[in-house]
Amino acid sequence: MLAGLMPEQASELAPRVDAIFLGLTAISAFIVLLVVGLVVAFSIRFRRGSKANRDALPNLVSREFEIGWTAATLFVFVFIFWWAASAEIRAFVAPKDAIEVHVVAKQWMWKTQSANGVREINELHVPVGAPVRLILTSQDVIHAFYVPAFRLKRDALPGQQTEAWFKATKTGTFHLLCTEYCGTDHARMLGRIVVMEPEDYARWLSAQPEGDDLAHQGERLFTARGCAGCHAPGSAVHAPDLAGLWGRAVQLAGGRTVTADGAYIRDSILQPKRDVVAGYEPIMPSYAGLLSDGEIQELTAYIRALGSGSRSSRRLGEP
Ligand code: CUA
């Protein structure tokens, strides 16, 4: 049918997006045809010299008309809003058990890294039927992650994190495109998403070189970049303890409370003086320009791995 005109559907979201697109097209086509039809019909009926009755409609009839089509239009718009908004909310909120993949865009390639440490360039292997959450950022200019078969499109912005998720419903290889003009080789900023059966994916995964996971890389960085100097327990510097920080509500000096999530940690590293934690001095220097986006992701993974309970240990893997 009409859906056959659309690109291949390979994610859970794709049929929903197509239904909305085709539905809106059908509603618009219906209204255009109705209006054009009436214009043509009235032009013929009331042409010069025709004997048609040109008296105004009785008042009562025109009031009923007025109320009727206002209510109908309102209903159609509210319905469209609800339809699109419910799909949009679904498209933004990833399931809790989703596989996490960090994506860093740069001129002109896609670098991906899964939480288990597997890194790929211009490629991403995922199992079919499993939700995959993407955490996107850019190293230079604005790019946009676009997988037509998944009906998935999200900007990758320098200095910010954006998120998207998908659940592939078909195995195969699907195009990944950059859909934000980003310079000379924008058109060549291509990749592919390889969707595999879970067993094939497990086999592929075990064949990958043993990589350190993000959290362990972050742990090394934490020491190498001197973070531990202030944030380690027993440090003479009065700095917030990071163990158990993840997901907790943090009271800021201004009185505001924020949740310690990825965006908060990123801001705290890049603009530490903007929102100081209540009870602490604004002594931390900004690491903007000193840490790459990939390194911030690693540090975030480390802080997250330190847990959301109250643990004093800061070695990974210890109870
Ligand atoms: Cu990256 Cu266009």
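1. Let's start with confidence. Mean pLDDT for the chain comes out at 84, with 93% of its residues at 70 or more. Keep in mind while you read on that this is a predicted model. As for the overall scores, ipTM is 0.97 and pTM is 0.65.

2. Five strands form an open sheet in the order β4-β10-β9-β6-β7, and the pairing is mixed. The edges are taken by β4 (123-127) and β7 (152-156); each has a single partner strand, so one side of each has no neighbour in the sheet. On average, neighbouring strands here are turned by 20° against each other, ignoring direction.

3. The pairing of β4 with strand β10 (residues 190-196) is parallel and runs over five bridges. If you want a spot to check by eye, find H125, whose bridge partner in β10 is V194. Helix α3 (residues 198-207) lies across β4 and β10, and its direction makes an angle of about 130° with β4.

4. Next, some backbone details. For background, most peptide bonds are trans, and most residues other than glycine have a negative phi. You'll find W108 in the loop between β1 (99-106) and β2 (109-114).

5. Two positive phi values are also worth a look. N122, in the loop between β3 (119-121) and β4, has phi near 55° although N122 is not a glycine. R151, in the loop between β6 and β7, is likewise a residue other than glycine with a positive phi, near 55°.

6. Are these two residues buried or exposed? N122 counts as partly exposed because it has 14 C-beta neighbours inside 10 Å, a number between the cut-offs of 12 or fewer for exposed and 20 or more for buried. R151 has 24 such neighbours inside 10 Å and therefore counts as buried.

Note on methods:
Residues are numbered from 1 along each chain as its sequence is written. This is a predicted model: local features need pLDDT of at least 70, side-chain atom pairs count only at pLDDT 80 or more; totals for chains, interfaces and linings use all residues. pLDDT is the predictor's confidence in each residue, from 0 to 100. Two strands pair if DSSP finds at least two bridges between them. Helices (H or I, at least four residues) and strands (E, at least two) are DSSP runs, numbered from the N terminus. Axes are lines fitted to C-alpha atoms, for helices over the stretch in contact, and angles run from 0 to 180 degrees between N-to-C directions. Two residues are in contact if their C-beta atoms, placed from the backbone, lie within 7 Å.
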